[in-house]
Amino acid sequence: MEMQVKQLSHALGVELSGIDIAGEVNEVEVAAIRAAWNEHHVIVFRDVDLTPDRHIAFSRRFGALDDHASTPHDRLADYPQLLEITNIPKNGLPSQTRNTGRNWHSDYSYTNRPAAASMLYCTEKPPVGGDTMFCNMARAYDDLSDKMKGIVADLQSVYDFNLVSGVGKRDPQKIAELLKLNPPIAHPCVRIHPDSGAKAIYVSERASHFDGMTIAESAPLINFLCAHATLPENVYRHQWRVGDLVCWDNRTVMHMALGDFDQTQPRHMLRTTLQGEKSGYVVEPGEK
Ligand code: SIN
C-alpha cells in the first residue's frame, strides 16, 4: 500500500499512514517518510504498537541515536536511547520529568550536539489535555524582513540549562550535575537544514542572550523572535492518543509540552533523539 499524507495544519505537520512502522520498513518507505518529514517538519503516525526495541530500530533508520548522556537521569532503565518523560512517580518520589518541555524549545540546544530530530511515543495519556505544540521556525525565518535576516545572520544564541522549564522543581543535586554537564553554549542564530538547505531561526525560550551582548540588550530581540515564531498561524497543536508516534525536526521546529491536564492522571511518553552535527562553543553566563 502506498503512503498516505494528510495535512494537520497550514504551517506544519502531516499524518502519515499506509506504512507499518512497527514492522520491517524498506528503503523506499524510509525515503518517502524522510521526504515528507523534510517538507512538513512534523510527522505523525497513529495506532502504532511499539516496543522499546522497535521504537529504537525504527528511529535508527533515520540516523544515529543520542544516548542522552546530557540528561542521564531521565533515561529508561536498560535503554539509554530512550528518554522517559512522565508524571508517574518513581520509587515514591515525584518524577523528575513531570514538567519536561513546558517552554518553547528545540531539543538539546544546550549541548554541543543539538538534536537533529526527536520521535516521541505515547503509551499513557490523561483523558483531557497533555497536548504538545509545534511551530515552524523555517517559515518564521522566511517571514522576516531582509534587514532582520541580516541581523540574525550575525548572531550566536547562547543556550542556558537554567532556562529549561521546571528546573527549580527538580532534585537540586541532580540539577547541579546537569549544569556541570551542560555549561552555557552558543550556536548560530540561523540553523541550516543539511538535507533541504532550509534556513530556520534558532532561538528559543531557553536562549539567555546573544554572545557579545548583555541579557538586557538581547531580551527584546529574543522575545520578538519567539513571539513571531509562535504566532497561532505558525503552530500545530497535537492532541495525543495512546499509540501515537510524533516525530519533529529540531532544526526547523520548536515545541512545547503543555501542562493543560489533571496531574493526578498518568502521562507517559518515550523519546528517541537523532543526533545532530557537532556545533557551538562554551561561553560565560550572560551579564544582566
Ligand atoms: C519534549 O520536550 O521532548 C517532551 C514533549 C512532550 O512531552 O510532549
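This is a predicted model: local features need pLDDT of at least 70, side-chain atom pairs count only at pLDDT 80 or more; totals for chains, interfaces and linings use all residues.
Trainee: What holds strands of a sheet together, in general?

Mentor: Strands pair through backbone hydrogen bonds, and they can do that in a parallel or an antiparallel way.

Trainee: Okay, zoom in on strand 8 and strand 9. Over how many bridges do they pair?

Mentor: Over 4 bridges, with residues 156–159 in strand 8 and residues 185–188 in strand 9. If you want a spot to look at, find serine 157: histidine 187 of strand 9 stands opposite.

Trainee: New topic, pockets. What volume does the largest pocket have?

Mentor: About 330 Å³. Its lining has 16 residues.

Trainee: Which of those lie nearest the centre?

Mentor: His73, Lys90, Ser95, Gln96 and Lys174. As for strands, strand 4 (75–76) and strand 5 (79–86) each give at least two residues to the lining.

Trainee: How many of the lining residues are nonpolar, polar and charged?

Mentor: There are 4 nonpolar, 6 polar and 6 charged ones.

Trainee: You mentioned Lys90. Which side chain does glutamate 84 contact there, and at what distance?

Mentor: The side chain of glutamate 84 makes a polar contact with the side chain of lysine 90, at 2.6 Å. Glutamate 84 also makes a polar contact with the side chain of histidine 268, at 2.8 Å.

Trainee: Where is glutamate 84 found, and is it buried or exposed?

Mentor: Glutamate 84 is in strand 5. It is buried, because its relative accessible area is 11% and the cut-off for buried is under 20%.

Trainee: Now the salt bridges. How many does the structure hold?

Mentor: It holds 10. One of them joins the side chains of aspartate 74 and arginine 170, with N to O at 3.6 Å.

Trainee: Why does that pair tie together separate parts of the sequence?

Mentor: Aspartate 74 sits in the loop between helix 2 (52–60) and strand 4, while arginine 170 sits in the loop between strand 8 and helix 5 (172–181), so the parts they tie together are 96 residues apart in sequence. Both aspartate 74 and arginine 170 are buried.

Trainee: What about aspartate 260 and arginine 237?

Mentor: Their side chains meet in a salt bridge too, at 2.8 Å from N to O. Aspartate 260 is in the loop between strand 15 (253–257) and strand 16 (268–274), and arginine 237 is in strand 13 (residues 235–238), so this pair ties together parts 23 residues apart in sequence.

Trainee: How accessible are aspartate 260 and arginine 237?

Mentor: Aspartate 260 is partly exposed at 29%, and arginine 237 counts as partly exposed at 42% relative accessibility.

Trainee: Which residue does arginine 251 form a salt bridge with?

Mentor: Aspartate 249, where the closest N and O atoms are 2.9 Å apart. Arginine 251 counts as buried at 11% relative accessibility, and aspartate 249 counts as buried at 2%.

Trainee: Last one: which residues do salt bridges with shared partners join into one network?

Mentor: Lys6, Glu15, Arg46 and Asp244.

Key: Residues are numbered from 1 along each chain as its sequence is written. Side-chain values use heavy atoms; hydrogens and water are left out. Two strands pair if DSSP finds at least two bridges between them. On a 1 Å grid over the protein atoms alone, a cavity is a set of points where a 1.4 Å probe fits but cannot get out, and a pocket is an open set with protein on both sides within 12 Å along at least five of seven lines; lining residues have an atom within 4 Å of a point. Grid points are joined across faces, edges and corners, and a volume is the space filled by probe spheres set on the points. Ala, Val, Leu, Ile, Met, Phe, Trp, Tyr, Cys and Pro count as nonpolar, Asp, Glu, Lys and Arg as charged, and the others, Gly among them, as polar. A salt bridge is a side-chain nitrogen of Lys or Arg within 4 Å of a carboxyl oxygen of Asp or Glu. Buried means under 20% relative accessible area, exposed over 50%, partly exposed in between (1.4 Å probe, protein chains only). A polar contact is a pair of N or O atoms within 3.5 Å; within protein, one must be able to donate a hydrogen and the other to accept it, and residues adjacent in sequence count only if both atoms are side-chain atoms.
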